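Visitor: I would like to learn how to read the features of a model like this one. Please take them one at a time.

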Amino acid sequence: MTPTQRKVLDGVYSGQLNKQIAFDLGIAEATVKAHMTALMRKLQVRNRTQLAITAQSLGWNGRTLAH
């Protein structure tokens, strides 16, 4: 997972919208959507809710995954 993907995942996990994540990271909303697509493929989920749930089950606690 890239550093930006981690930041996007942190935003999703915090309940932010793509627009809010884009603003916070200083990137385009389309870029956030591209990172979301990559994250969903990597974690084999279909939507942002499943992404957040899967991240939590993997030990995501905001910027870190438990190993």
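Visitor: Which elements are included in what covers the buried residues of α1?

Guide: In this predicted model, the cover over the buried residues of α1 includes α2, α3 and α4. The buried residues in α1 are Gln5, Val8, Leu9, Asp10, Gly11 and Val12.

Visitor: How confident is the predictor in the chain, as a mean pLDDT?

Guide: The chain has a mean pLDDT of 90, with 91% of its residues at 70 or more. Confidence is lowest in α4, where the mean is 91, and highest in α3, where it is 97.

Visitor: How should I read a nonpolar core, and how many residues does the largest one have?

Guide: The general idea is that in soluble globular proteins, nonpolar side chains tend to be buried together. Here the largest nonpolar core has 14 residues, and Val8, Leu9, Val12, Val32, Met36 and Leu51 have the most contacts inside it. Two or more residues of this core come from each of α1 (3–13), α2 (18–25), α3 (29–43) and α4 (48–57). α3 gives the largest share, 4 residues.

Visitor: Now the helix pairs. At what angle do α1 and α3 cross?

Guide: Two packed helices are described by the angle between their axes and the distance between the axes. The axes of α1 and α3 cross at roughly 90° and come within 10 Å. That makes the two helices, α1 and α3, roughly perpendicular.

Visitor: Which residues of α1 and α3 meet?

Guide: From α1, Thr4, Gln5, Val8, Leu9 and Val12 meet Val32, His35, Met36, Ala38, Leu39 and Lys42 of α3. Sorted by class, this contact of α1 with α3 has 7 nonpolar, 3 polar and 1 charged residues.

Visitor: What about α1 and α4: how far apart are their axes?

Guide: The axes of α1 and α4 are 9 Å apart, and the helices pack at an angle of about 105°. α1 and α4 are therefore roughly perpendicular to each other, as the class runs from 65 to 115 degrees. Leu9, Val12 and Tyr13 are the α1 residues here, and they meet Arg48, Leu51, Ala52, Ala55 and Gln56 in α4. The contact of α1 with α4 divides into 6 nonpolar, 1 polar and 1 charged residues.

Visitor: And at what angle do α2 and α3 pack?

Guide: α2 and α3 pack at about 110°, and their axes are 8 Å apart. These two helices, α2 and α3, are therefore roughly perpendicular. On the α2 side are Asn18, Lys19, Ile21 and Ala22, which meet Glu29, Val32, Lys33 and Met36 in α3. The contact of α2 with α3 has 4 nonpolar, 1 polar and 3 charged residues.

Visitor: Next, backbone angles. Which residue has a positive phi although it is not a glycine?

Guide: Most residues other than glycine have a negative phi, and most peptide bonds are trans. In this chain, Gln44 has a positive phi of about 55° without being a glycine. Gln44 is in the loop between α3 and α4. A glycine with a positive phi, near 90°, is Gly15, which follows α1.

Visitor: Is Gln44 buried or exposed?

Guide: Gln44 has a relative accessibility of 73%, so it counts as exposed, the cut-off being over 50%.

Visitor: How do I read accessibility within a helix, for Arg41 and Lys42?

Guide: Arg41 lies in α3 and counts as exposed at 66% relative accessibility.

Visitor: What does Lys42 touch, not counting residues up to four places away in sequence?

Guide: Lys42 touches Met1, Thr2 and Gln5. By contrast, Lys42 and Gly11 are 17 Å apart in space, C-alpha to C-alpha, and 31 residues apart in sequence.

Terms used
Residues are numbered from 1 along each chain as its sequence is written. This is a predicted model: local features need pLDDT of at least 70, side-chain atom pairs count only at pLDDT 80 or more; totals for chains, interfaces and linings use all residues. Side-chain values use heavy atoms; hydrogens and water are left out. A nonpolar core is a set of buried Ala, Val, Leu, Ile, Met, Phe, Trp, Tyr and Cys residues joined through side-chain atoms within 4.5 Å. Buried means under 20% relative accessible area, exposed over 50%, partly exposed in between (1.4 Å probe, protein chains only). pLDDT is the predictor's confidence in each residue, from 0 to 100. Axes are lines fitted to C-alpha atoms, for helices over the stretch in contact, and angles run from 0 to 180 degrees between N-to-C directions. Angles under 35 degrees count as roughly parallel, over 145 as roughly antiparallel, 65 to 115 as roughly perpendicular and the rest as oblique. Contact means heavy atoms within 4.5 Å. Ala, Val, Leu, Ile, Met, Phe, Trp, Tyr, Cys and Pro count as nonpolar, Asp, Glu, Lys and Arg as charged, and the others, Gly among them, as polar.
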